Amino acid sequence: MPHTETPGTEAALAPRLRWWTELPLILLVYACYSAGRLLVRGDVSGAVDNGLAILKIEKALFLNAEHPLNRLFTREAWIGIPADFWYASLHYLVTPAILIWLFRSRTVRYRAARTWLWTSTFVGLIGFTLLPTCPPRLLDASHGFVDTMAQYSSYGWWGGEASAPRGLGGMTNQYAAMPSLHVGWALWCGVMLWRYGGTRLAKTAAVAYPLITTIVVMGTANHYFLDAVAGAAVMGVGLLLAPLVMRTADRVRARFLPRFAPAAPVAADTASAAPSASAPAAASSATSAASSAAGSSDVSAGCQTSAGERIPRQRDARFGAGAEPSASPQDAGDGAPAAAR
């Protein structure tokens with residue numbers, strides 16, 4: 001039996017999202033994230049120590065892919081320059097584009113997807129707070145890394161200090177390397193494309209985008225490999241927490257925001273449903289009345305009895321259960337012959 005919803009239930013439980021409320025909310029979340037990065041700036045010496053510790057762990061685990069990639073990006077400008085553009089630009093373009101696409105064509109999935117993204121972002125902010133980390137490009141030159149963003153800054157819109165626009169390098173926290181949200185956001189985009197893209201091109205992009213982003217963040221010396229791993233782990237934690245965040249938001253909305261139940265449409269539906277509900281009853285009454293009028297006199301052996309008089313078991317003997325004569329002698333006229341025996 002198909003499940004039917006009470007009118008207005010969907011609106012009460014999951015109000016329809018509007019772009020003019022979503023856009024300011026997204027901007028507010030990103031502003032809080034950016035401000036949080038600035039407020040949790042750690043001391044430089046501690047961040048350098050954390051970066052060197054990560055580098056030692058990677059060397060011990062034979063995971064040090066940053067050095068060969070960085071040398072390749074430094075030596076080959078045709079690789080290094082596009083990689084710098086990729087690092088400095090795409091997370092500002094692809095992530096909002098995926099959000100807009102989900103909002104317009106996958107509305108049912110949008111709220112869960114953006115809650116996952118936001119929750120993971122704030123979990124990453126906790127990581128920046130607890131573990132300020134110096135990226136490879138800011139380590140001493142003796143450690144063998146070259147800052148490709150500074151090397152190719154004349155080709156791009158970023159300055160030599162960071163991937164921020166020229167002159168704004170001091171307005172970003174350059175020691176927020178752990179975890180890498182470049183990788184985390186790219187992974188989120190890849191999951192959305194894989195699940196909802198539906199085409200072979202979308203699935204190819206779903207795999208290529210986070211993979212290339214991981215190579216880029218290491219080759220440009222902006223992140224360690226373990227930063228990328230931590231970025232993926234943060235997205236996993238955000239995925240687990242997102243349902244709890246949505247349930248909490250629903251409870252807060254139900255408690256503090258008034259619910260406007262669509263009383264008028266429900267009343268109208270009830271009024272319109274009343275005639276349809278009473279129509280079968282009226283038809284049944286009319287049928288019963290007609291049957292009573294037609295069956296007010298009973299016939300036995302060709303003799304008409306007085307109205308309302310019944311001969312015991314007469315109907316059961318001549319007609320089957322539920323059967324009725326096609327016409328009574330009164331309907332046929334006074335001169336009509338009686339039914340043959």
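Modeller: At 58% relative accessibility, Arg75 is exposed, a word used for values over 50%, with buried meaning under 20% and partly exposed lying in between (1.4 Å probe, protein chains only). The model is predicted, so local features need pLDDT of at least 70 and side-chain atom pairs count only at pLDDT 80 or more, while totals for chains, interfaces and linings use all residues. Residues are numbered from 1 along each chain as its sequence is written, and side-chain values use heavy atoms, leaving out hydrogens and water.

By this rule there are four salt bridges. One of them joins Arg111 and Asp250, with 2.8 Å from N to O. This pair links distant parts of the chain, 139 residues apart: Arg111 belongs to helix α6 (residues 107-130) and Asp250 to helix α10 (residues 225-256). Helices are DSSP runs (H or I, at least four residues), numbered from the N terminus. Arg111 is buried at 18%, whereas Asp250 is partly exposed at 27%. Arg111 and Asp250 also belong to a network of salt bridges that includes Arg253.

Another salt bridge brings together the side chains of Arg137 and Asp147, at 3.3 Å from N to O. Both residues lie in the loop between α6 and α7 (148-151), so the pair ties together parts that are ten residues apart in sequence. Arg137 and Asp147 are both buried.

How values were computed
Helix = DSSP H or I, 4+ residues; strand = E, 2+ residues; numbered from the N terminus.
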